[in-house]
Amino acid sequence: MRRSLPAFLLFLAAYLAVIGWGWFQQTATGGELSGHAAKIEAILRLLRSGDFAWFPGYLSGSPTATLLSFALSIPVYAPALLLAPNPAVAMKATGLLLLALGGLAAFAFGRRLARDGWTGFAVGCAYLLAPQVLLRLGWQEHMTIVVAIPLVPLAFLALLRVADRGTPFDGVLLGTAFSATLLAWSKMGATLAIPLALFAGWLFVSRADARSRLLRGAAWAIPTVLLLGVAPLLPLLRERGFMTVFELDPFRQWQAAYSVKTATSWFDRGGELFSVLPQSLRIDGGGYYLGLVGFAAVAVTVGLTWSRRHDGREVAAIRLFLLLALAMFWVSFGPRSVLQGQFELLSHAENFPDIAITLHWLALAAQGVFLYWCLPPARWRGPAFAALFAVYLLVPAFRIVERLPLYADLRAPDSFWILNGTFAWAVGSAMAAVFVLRTLVAPRFLPLVSAAALAAACADFSPYFNSFYHGGLAPDVSAQFREVSDKLRGGSDRVLAISGRYFYLDLPNRSGRPLSTEALNHYLMPADTARLQVAARLSATHTLSYLQLAGISDVVIERSDSDVPESIQQWFRAMLPLRFENKGFLVLSNPYSLYPGFFAESAVPAADGYREYVGALAFAKNQTLTIASPDALPLDTLPGMKTSAAAKSTRAPDFVRLAPAQPRTASRVAFSTPGKAGWVVLDESWHPDWKAAVDGAPALVYRAAGGLPATPVHATDHLVEFRFEPPSWYAACLAASSLGWLAALGLIASAPLLPRRLFEPQAPENPPPEASGPRTPIIRPLALIPTRDEAGTIVALLDRILETRSDLQALVIDDASPDGTAALVRAHAAHGSRIHLIERAGKLGLGSAYRAGFQWAMDHAHDACIEIDADFSHDPADIPRLLAALDAGADAAVGSRYLDGVRVINWPEHRLILSAGASRYVRMLTGLPLTDATSGFKALRTAALRGIDWSRLRADGYGFQIELHWLLWTAGYRLAEVPIVFTERRVGQTKMTLGIAVEAALRVIQLGLLHPSRRPASIK
């Protein structure tokens, strides 16, 4: 276990080197990395300006509050962007760092969940190799999702810490991790809430000892989330009412496109299997591929444990995470049901190979097998499975989920799988792989077979590395784009960029020119501006009116983009004069742009609904504004108002372009009027938070021309000022949340310097109330016997132990003894009834053996454990005396060699001095008041074992005994010492080595430094 972290770090370094070697050599891509870097650079400039309520550079202007949906991206990527001269290199370096943190968080979660470092190693590797993780980082370069890669496993880890420890620190850590996911990409946080809640429910039901800790953790986590995650997003919730949120597009088609089609995609390696299907049934890049190694491990685990009635901790966790993965997969079907997806694919499968049809039906059956196996073994298992599988097949889960407030506008059902389902599958499949290897592979072959399995998994997922080596833009495209940017530099009007790629979002940074839209999409932008853009598609006349009103002086068309057909290029060429062209781009000019504002003498009332936007463009041809009345105020008394018929019959005086009367900022601009009665219009997206003042006096702001703020003026010269002023509670939310983040991050960063009582499990009152006087009698004791080459004594010892009490059972934990110890245990007449055996893969250490034994005892309802050596150095006849001490009120009865004298036989004087000195050393450094702190002969109530933090049992040698005593004592459990006689072994060799002694000595120093100031438990 101690080697698992260095081994994982070595794998991680090699893995990042392989990915980075290709990725850093690529040019900029058409993915979202360049666009995201450009937006963050623009935001940083806006923040430095000191006026950042309005974000003018993109989407025809929008409130900065709309950027809160990916707020965490800014502080995450900003340091590298500020330091590195190349934004693409900065983003990629940060992305690889986030990937590494994700692997480490997954490793830590797996290690804590299984209490085994090599399981953590497997989970970390499985998560790093997951197709969705690699596709989002290397192919799509969706850098907001990349921010969430470490946050999902971190949130699960924090929840598990809450269940194990329940301290205020763990509750705050959980709330902080989940809040960070919300701010990394709000929909990723929303989708994470479901699997996280299911995991919490499983912990609450399956672990009675953790229920109070989970409730205490929730009491800290929920307020933390409200402050850190919900408060900063409250402005965004209001802003959603003024944004499109996909309503202009065929929403159901979006959802169907970004969803699972069928479980056959589990076998679609690299997207090759589905390449023959229609585009509507393909999944980009084969992102749902599960991997042959992981799938085979799960299948073998199901086969090995199919008929089991009782699970160990490991198998129970595998069942849970496979069920979580299946649940996330089910929701990811979006508008389809599972059965609909099954037959929809078959209806288009004329070119599907025969083997793919077979896989198609096997995948459907596999879902049923997994679901049945994941249900707890019970009498009701069959009927429950039949009902659940029918619901799974026939009911589209997403249709239910999207009715919840947070999910109503979720465009992409696959968001439930991208990281959440991926992580659940990584945990379940990795734990299954470890289980299969340890069950089927001989210990001496285990390292070799494990390495081969990891190599096979890397080879299996190799298609997903391709995007790190191929896919960059051709060098000439980048050069041509720079040429276009240079040509546009110096102007101020907006640019309409027609491209399906994202690198052109760097135009505002390169040329200083704002953009009117983003990647041909109209979602997540101001609603009225988006509707106006849609109305502009009706005709060339409507398009020209839109370009004029929106202040667009240049149209940039990417000729090499497959998403921009030749017909669109020719359509714009026919309307606008050519300003510049090269091989990759066209730049067309519009000389009638009205940016940044204009004056209109003629106006008419706006029509209702969609006609308002069509009418706005039609009337603009006659130089007339449409005006939408705020709060149903009368319009006929305002300057220049006409009837619709009058406006259509005569052409009004031309719109007059206005220059700013004062230096403008992002959210403030002033104009001087031309001395006529009419309307002053600002060329920014309309929003109810725009305010106007005429000669310093407040004035009403109307929605003009379908989506621009405007205010009326009378026939004299005036100074008209527009200011964007969001509600004051926006700032209050952000200020409160910012202070909360500073406090939370400060708490986490300064944890090593603060009192340990904030971070350690709360010790109960000492002695605990139930510890006073006689306790519940011990009725199911279990002797734990770790063995390594103890064939000479094990049979006789087992016989002696069973003679001491009729209700006593024994568990041998054998570390692959070459001398056949395990075979002798299996051959014993009482094996399977009173004698039990755990066979392990190799020499894993004394502490590890006892941890496994304790867990086995708790899983099988034993109320006490007795630690005893296998070499007769401990006399089995003392077991009844130890158990009697438990019955008398102790939680732990420690056999002492030094209580009221020295009782050690056959030890040389130096060994005796060393042992007695060790106990004094422990007592001096830790305060632990035991005369024999290193004793390995003791009886422990399993109730006390449940109450301590096992993650702090780190030693694998004899230092484990010191740790165990210390944890029981500091947790407030009542300890008793019982005098025993210790006899040095006569058969075999001692397991004490210099390394074990050094480990124990160093661990005592650590315990002494970490010892909290607590009232100790009583010692008898």
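Me: Let's start with helix H33. Which of its residues are buried?
Reply: In H33 (residues 879-887), the buried ones are Ile 879, Leu 882, Leu 883, Ala 885 and Leu 886. Buried means under 20% relative accessible area, exposed is over 50%, and partly exposed lies in between, using a 1.4 Å probe and protein chains only. Helices (H or I, at least four residues) and strands (E, at least two) are DSSP runs, numbered from the N terminus.

Me: How do those residues sit around the axis of H33?
Reply: They fall within an arc of 150 degrees, so they line one face of the helix. The arc is taken from the directions from the helix axis to the C-beta atoms.

Me: And what do the buried residues of H33 pack against?
Reply: Their partners include helix H30 (794-804), strand E18 (781-787) and strand E25 (975-979). Just after H33, Gly 889 has a positive phi of about 130 degrees.

Me: Before I go on, where do these numbers come from?
Reply: This is a predicted model, where local features need pLDDT of at least 70, side-chain atom pairs count only at pLDDT 80 or more, and totals for chains, interfaces and linings use all residues. Residues are numbered from 1 along each chain as its sequence is written, and side-chain values use heavy atoms, with hydrogens and water left out.

Me: Good to know. How many helices and strands are in the protein?
Reply: There are 37 helices and 26 strands. Of the 1020 residues, 58% are buried.

Me: New topic: H22. What does its span look like?
Reply: H22 (residues 475-488) has 14 residues and reaches 20 Å from first C-alpha to last, close to the 20 Å expected at 1.5 Å a residue. That expected span is 1.5 Å times one less than the number of residues.

Me: Which residues of H22 are buried?
Reply: Val 477, Ser 478, Gln 480, Phe 481, Val 484, Ser 485 and Leu 488 are. They cover an arc of only 165 degrees around the axis, which puts them on the same side of H22. Strand E3 (494-498), helix H23 (507-511) and strand E4 are among the elements covering them.

Me: You mentioned E4. Is Asp 554, which lies in that strand, buried or exposed?
Reply: Asp 554 is buried, with a relative accessible area of 2%. E4 itself runs over residues 552-558.

Me: What does the side chain of Asp 554 join up with?
Reply: A polar contact of 2.6 Å links it to the side chain of Arg 513. A polar contact is a pair of N or O atoms within 3.5 Å; within protein, one must be able to donate a hydrogen and the other to accept it, and residues adjacent in sequence count only if both atoms are side-chain atoms. Not counting residues up to four places away in sequence, Asp 554 also touches others, including Leu 488 and Arg 494. Contact here means heavy atoms within 4.5 Å.

Me: Last one: where is Ala 65?
Reply: Ala 65 is in the loop between strand E2 (62-63) and helix H3 (73-83). At 11% relative accessibility, Ala 65 counts as buried.
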